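This report goes through the fold of one protein chain. Please look at the sequence and the structure before reading on.

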Amino acid sequence: TVMLRQIPDTLDEPDVRAVLDSVGLVGRYDGVYVPMNNMIPGRNTSYAFVNFVTPEDASLCIRVCAGRPFGDFDRSQRCTVEYAHRQGLSCLRERMEARAGRIRKRNSGD
């Protein structure tokens, strides 16, 4: 699992997947999580987590994404890529479910 930093804050999960596919990573990842900014609707937190099928696929992502603009959205930002502290698709799913639970709890007024 890698963390993509300094991605444009207008991207959602399908946008991140499209950029990854456009740089030759089709079929090399099995999970994408883009945390959204709770304070600004429709904006992300400028980072995403991507789980890759193999360590070699993660290394390829680093080679093709690091130090370059992420997609054609904001050419001034340069993406940085690092290995996530927690690895694997199950950890990525846990992170997504925990975030969804916090949002549901906040919206229910509990």
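In what order do the 4 strands of the open sheet lie? The order is β2-β3-β1-β4, and the pairing is antiparallel. β2 and β4 are the edge strands, each pairing on one side only. On average, neighbouring strands of this sheet are turned by 25° against each other, direction ignored. The model described here is predicted.

The chain holds 3 helices and 4 strands. Read from the N terminus, its elements follow the pattern β-α-β-β-α-β-α. The strands, with their residue ranges, are listed below.

| Strand | Residues |
|---|---|
| β1 | 2–5 |
| β2 | 29–33 |
| β3 | 47–52 |
| β4 | 80–83 |

The antiparallel strands β2 and β3 are joined by 4 bridges. V32 has V50, in β3, as its bridge partner. In general, the strands of a sheet pair through backbone hydrogen bonds.

Helix α1, residues 13–22, lies across β1, β2 and β3 and runs at about 140° to β2. Helix α2, residues 55–65, packs on the sheet and touches β1, β3 and β4. The direction of α2 makes about 160° with that of β4.

Some totals describe the chain as a whole. Of its 110 residues, 34% are buried. The accessible surface comes to about 6400 Å², and carbon and sulfur atoms account for 51% of that surface. Among contacts between residues at least 6 apart in sequence, 64% join residues at least 24 apart.

Conventions. Residues numbered from 1 in each chain as written. Predicted model: local features only at pLDDT ≥ 70, side-chain atom pairs only at ≥ 80, totals over all residues. Heavy atoms only, no water. Pairing = 2+ DSSP bridges. Helix = DSSP H or I, 4+ residues; strand = E, 2+ residues; numbered from the N terminus. Axes fitted to C-alpha atoms, helices over the stretch in contact; angles between N-to-C directions. Contact = heavy atoms within 4.5 Å. Buried < 20%, exposed > 50% of the residue type's maximum accessible area, 1.4 Å probe, protein only. Areas by Shrake-Rupley, 256 points an atom, 1.4 Å probe, with all protein chains shown as cover.
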